[in-house]
Amino acid sequence: MSNITTVAVLPPAVREYYDRLLLMTAYPQLVHTKFAQKRVLPEKMGDTIVFRRYARLSTVPIPLVDGITPPGAPLSATDIKARVDFYGNFVTITNQVELTVEDRVLNESSRLLAQNLAQTMDEVCRDVLASTSSVLQCSNGINGNTPSELTKADIDSAVQTILAADGEMISEVVVGTDAFGTSPVRPSFWAYLDTDLLDDLEAVSNFLHSANYPNQQSVLDAEWGATGNVRWLYTSVGSVSSASPAVFNNFIIGKEAYAVVHLGSETGEFYIEPLGSAGAADPLHQRGSVGWQHPFVSRILNDAFMVNLEATHS
């Protein structure tokens, strides 16, 4: 029928409705600084922090001789220095964006930059952990690669390596209850792994999902589960090589294995520069910006208190 009026003949003045509730921005779990020793270097006190550790005294399994003074033992110490570097990022916003775009662009930029700061520090720390000299390759898997996929035997070997160096576990036992389907969790080291290996982790013979812990209050954000004396945190920005097949660095951490140091504060400095704040460089007040800057360093304190357990996917 030719006398029917359709939107093809009479389109709406505004065809599209803009939903002002912005969609969620996907952020990764940031885990790599979780169990670091955290220090704040005071302002105007230099750019380098010095950690000191005294060496253990040798034992003296020899009886004293009556009237004779033993030689005694000298003290020795190791100094570990960490010098901060400065990191930063910013977003430039024009006056036309502020005048024409429906979103609260400055607020959104500030939120995105805050996450950007946190993820930058996390990835800096991740790359420092990857430099550890304490490396084990999974070798008990069946995928035919070197290293192989994660297995109970390989994880247990990493735990034994840290314990042999007298490394201490971080989390205490999670005591069992009579709740159906739950199981106690041993005292544990903590580990970080990439999300691409979650299926391999679940295939480890003694894996216990965090949903089956007897006390859910003890479950951390991003905690996937436990294997023996290791509790695992996941992240989509794990340490992965560019090789084929990819090699994943799985960091198993004991107490005081590494540190992160912030200069001044842990939060960084944020700067909002309004339109025209550049003076003669912006004579028409066309540009403003919001950004952050943060001095930070991550440092391994004792390679013996951690293991990078390398694995490939099954």
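This is a predicted model: local features need pLDDT of at least 70, side-chain atom pairs count only at pLDDT 80 or more; totals for chains, interfaces and linings use all residues.
I take buried to mean under 20% relative accessible area, exposed over 50%, and partly exposed in between, with a 1.4 Å probe and protein chains only. Numbering runs from 1 along each chain as its sequence is written, and side-chain values use heavy atoms, without hydrogens and water.

Aromatic pairs. I looked for rings of Phe, Tyr and Trp (its six-membered ring) with centres within 6.5 Å, calling planes under 30 degrees apart stacked, over 60 edge-to-face and the rest tilted. I found two pairs. Phe35 and Trp190 are stacked, because their ring centres are 4.8 Å apart and their planes at 20 degrees. Phe35 sits in the segment before strand E1 (37–41) and Trp190 in strand E6 (residues 189–194), so this pair ties together parts 155 residues apart in sequence. Strands here are DSSP runs of at least two residues, numbered from the N terminus. Trp190 is buried at 2% relative accessible area, and Phe35 is buried at 16%.

I then noted Trp224 and Tyr234, an edge-to-face pair with 5.4 Å between centres and 85 degrees between planes. Trp224 belongs to strand E8 (residues 223–227) and Tyr234 to strand E9 (residues 230–235), so the parts tied together are ten residues apart in sequence. Trp224 is partly exposed at 22%.

Cysteines. I searched the whole structure for disulfides (cysteine sulfur atoms within 2.5 Å) and found zero. Cys125 is buried at 0% relative accessible area, and Cys138 is buried at 2%.

Notes: Helices (H or I, at least four residues) and strands (E, at least two) are DSSP runs, numbered from the N terminus.
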